[in-house]
Amino acid sequence: MQCREGCGACCIAPAITKPFYGMPQGKPAGTRCVHLNSALGCDLFNDPRRPAVCGAFQAEPAFCGNNRDEALLILADLEAASAPTRLSLEDLQ
């Protein structure tokens, strides 16, 4: 599957936990990457400063759905399901 033009869901929904060019603290889930341009394309595409996780992402129906809205929902659900759980003090007692 080719990346859908005007989508950018993969540049918004997932977190990037490692620092990278332009985002020294990484990128929280649900936050737009600073390199996502107004056409919803990546300004770091084919740039060595692009995070490896972004380069490894492969667009496919299971992740991208049938449209941008579906892609955002699917990727947000996957991000939430794979996020590390945070223990509270109550959990430790």
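This briefing covers the pocket, ring contacts, cysteines and backbone angles of one structure.

The model is predicted, so local features need pLDDT of at least 70 and side-chain atom pairs count only at pLDDT 80 or more, while totals for chains, interfaces and linings use all residues. Residues are numbered from 1 along each chain as its sequence is written, and side-chain values use heavy atoms, with hydrogens and water left out.

**Largest pocket**

- The largest pocket holds about 1,000 Å³ of space. A pocket is an open set of points on a 1 Å grid over the protein atoms alone, where a 1.4 Å probe fits, with protein on both sides within 12 Å along at least five of seven lines.
- Its lining consists of 43 residues, and those nearest the centre are Cys10, Cys11, Arg50, Cys54 and Phe57. A lining residue has an atom within 4 Å of a point.
- By class, the lining comprises 28 nonpolar, 9 polar and 6 charged residues. Here Ala, Val, Leu, Ile, Met, Phe, Trp, Tyr, Cys and Pro count as nonpolar, Asp, Glu, Lys and Arg as charged, and the others, Gly among them, as polar.
- At least two lining residues come from each of helix 1 (52–56), helix 2 (61–64) and helix 3 (68–82); helix 3 gives the largest share, 5 residues. Helices are DSSP runs (H or I, at least four residues), numbered from the N terminus.

**Rings**

- The whole structure contains 1 aromatic pair. Phenylalanine 57 and phenylalanine 63 have ring centres 6.0 Å apart and planes at 45 degrees, so the pair is tilted (centres within 6.5 Å; planes under 30 degrees apart are stacked, over 60 edge-to-face, the rest tilted).
- Phenylalanine 57 is partly exposed at 27% relative accessible area, as is phenylalanine 63 at 28% (buried is under 20%, exposed over 50%, partly exposed in between, with a 1.4 Å probe and protein chains only).
- Arginine 49 sits over the face of tyrosine 21, 3.9 Å from the ring centre (NZ of Lys or CZ of Arg within 6 Å of the centre and within 35 degrees of the ring normal).

**Cysteines**

- The disulfide count is 0 (a disulfide is a pair of cysteine sulfur atoms within 2.5 Å).
- For cysteine 42, the closest cysteine sulfur is in cysteine 11, at 5.5 Å, too far for a bond.
- For cysteine 54, the closest is also in cysteine 11, at 6.3 Å, again too far.

**Backbone**

- Leucine 40 has a positive phi of about 65 degrees although it is not a glycine, and this residue is partly exposed at 22%.
- Asparagine 46 has a positive phi near 65 degrees and is exposed at 71%.

Key: Points joined across faces, edges and corners; volume = space filled by probe spheres on them.
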